Amino acid sequence: MPTSYLRPVRLRRAVPSLLVLGLALVGAGACGTDAPEQATASDGPSPVDASSAPPTRQSLSETDVPHSARSTGTPDDEGPALTWYRDISPMVERHCGSCHVEGGQGTGDFTDPDTVSAFSPAMINSVHARRMPPPASDPECREYIGADRWVAPPDFTERLQAWVDDGAPLGSPEDHVPVPPIAMRLDNPDLEVRLPAPYRPTFSDPANPGNEYRCFVVEHGQDETFYIRGMAPVIDREDLVHHIVLFKARRDDVPAHDDWNAGYDCIDMTFFVGSGGVGDLLSGDSGMISAWAPGSQAVHFADDAGIRMDPDHVFIMQMHYFDGSAGNPQPDLSGYEFITADSARPNIIMAPFGPTGFRIPAGAENHTEAFSITMPLNLHLHGVMPHMHYLGQSYHMWFTERGNEQCVVSSDAYDFDNQLTYMFEEPIRIRAGSEIGFRCTWNNSPSNPNLVHDPPVEVRYGERTDEEMCFGFALISIN
Ligand code: HEC
């Protein structure tokens, strides 16, 4: 992550937020505390901690040995404990392969054993520091679709190190069990949309080199109301598309801008907010629909559930471009594909759960805000996108079932650059009378490399990137 520069601060006119206008689900029960957060997942010392040991000349030259000179195991002995084909390649492919491939946005092609052995100190370091794979919700909290890819197993670094120490043996190609591809695309989409025109990112923001957040209004072209039953991104430039957040809005509520083909700068995501107010959101007229990053799977809604799109709705695609093109970005024409239906039961809406109106004191290293509400209705929870800004460290969503707390999504390593929608295999059933809660912890002190204002200032709730948010955007159906 580029962390050494100041994050961009965009001071924009305040936009009235329907999220704060007393939405029934939001605003009650917030309570601030500066109490240190409970220690959750451990990141304790590990037998192979390379984080303090940068690659030495010796270790690099050792791993520079070409394949042919390496041990491949002899037929007489049992062969090396770990080989590239049997053990390392599938492991790396599963957890890193969605980005670290030729033409992908991650640095280096990890399908190549020489690259992996030479790069292993940095890989081990990045896994220990929990930068890679980019942090995601803890599957111990609750399994979600794709968890087996997003979280590296505890012995990932030990195995990689042991293989390198053993001379990075290739083993036999016959031992290679291919990793099943991620079902990123839909089998039978019936609607595809694309950006209004090919867009070449300019990466011209000096405060945020190599990154660009751009929003495009994308028309669906349908004359009748329809329902989204499944969706998946269509990625054109894999070396540029870092992640996508998809929204729906009424066409009239979209912020005005000059050149619709070129989109508009939208790091602040102010378009969450339509002009329609609270009713709009609860009626499902605006809001986030999906957040995607490489390695996320296509979304299918369970049963006959779907998201309603009216003729006067448009999609807004927020593209986060990251320059993986070695300085020569080509025009991108990404889009989204959908499985649609004329009707759906139940209707899925996006409901934000989280505290508002809070203040995070300057210098607070561990500031937590929490929110909870008793649900008056039965509902099903299909998926959740946790959302904070740059100071966010951890989040936790829960609900009560007959008085017992159940975990929904949770992480102690929030990453603004890797926001995902966590979709559950089975929608979670939440009965009327249950409580639902969401809490966030921020680090507004100099120990946070992503600090927006340095030295730190008090940060308030708000939509701008130099303000903070704390929402579990939940895809729910009332039933
Ligand atoms: C979702 C995409 C994605 C996945 C999955 C992923 N990476 Fe990365 N990785 C990136 C991107 C993008 C960069 C370059 C920019 C950056 O540093 O954020 C990167 C950079 C790196 C770097 C160099 C910078 C650093 O932070 O050390 C290493 C090493 C690395 N990745 C290792 C891994 C390993 C090991 C895995 C698997 C366990 C992995 N990555 C999985 C996207 C990914």
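Visitor: Which residues does Met319 touch, not counting residues up to four places away in sequence?

Guide: Welcome! This is a predicted model, in which local features need pLDDT of at least 70, side-chain atom pairs count only at pLDDT 80 or more, and totals for chains, interfaces and linings use all residues. Residues are numbered from 1 along each chain as its sequence is written. Two residues are in contact if their C-beta atoms, placed from the backbone, lie within 7 Å. By that rule, Met319 touches Arg214, Phe216, Val241, Ile244 and Ser334.

Visitor: Is Met319 buried or exposed?

Guide: A residue is buried if 20 or more other C-beta atoms lie within 10 Å of its own, exposed if 12 or fewer, and partly exposed in between, with C-beta atoms placed from the backbone. Met319 has 23 such neighbours, so Met319 counts as buried.

Visitor: Which strand holds Met319?

Guide: Strands (E, at least two residues) and helices (H or I, at least four) are DSSP runs, numbered from the N terminus. Met319 lies in residues 313–322, which form strand E10.

Visitor: In what order do the five strands of the open sheet lie?

Guide: Two strands pair if DSSP finds at least two bridges between them. The pairing in this sheet is antiparallel, and the order is E6-E3-E10-E5-E7.

Visitor: How many bridges join strand E5 to E10?

Guide: Strand E5 covers residues 241–250 and runs antiparallel to E10. The number of bridges joining E5 to E10 is nine.
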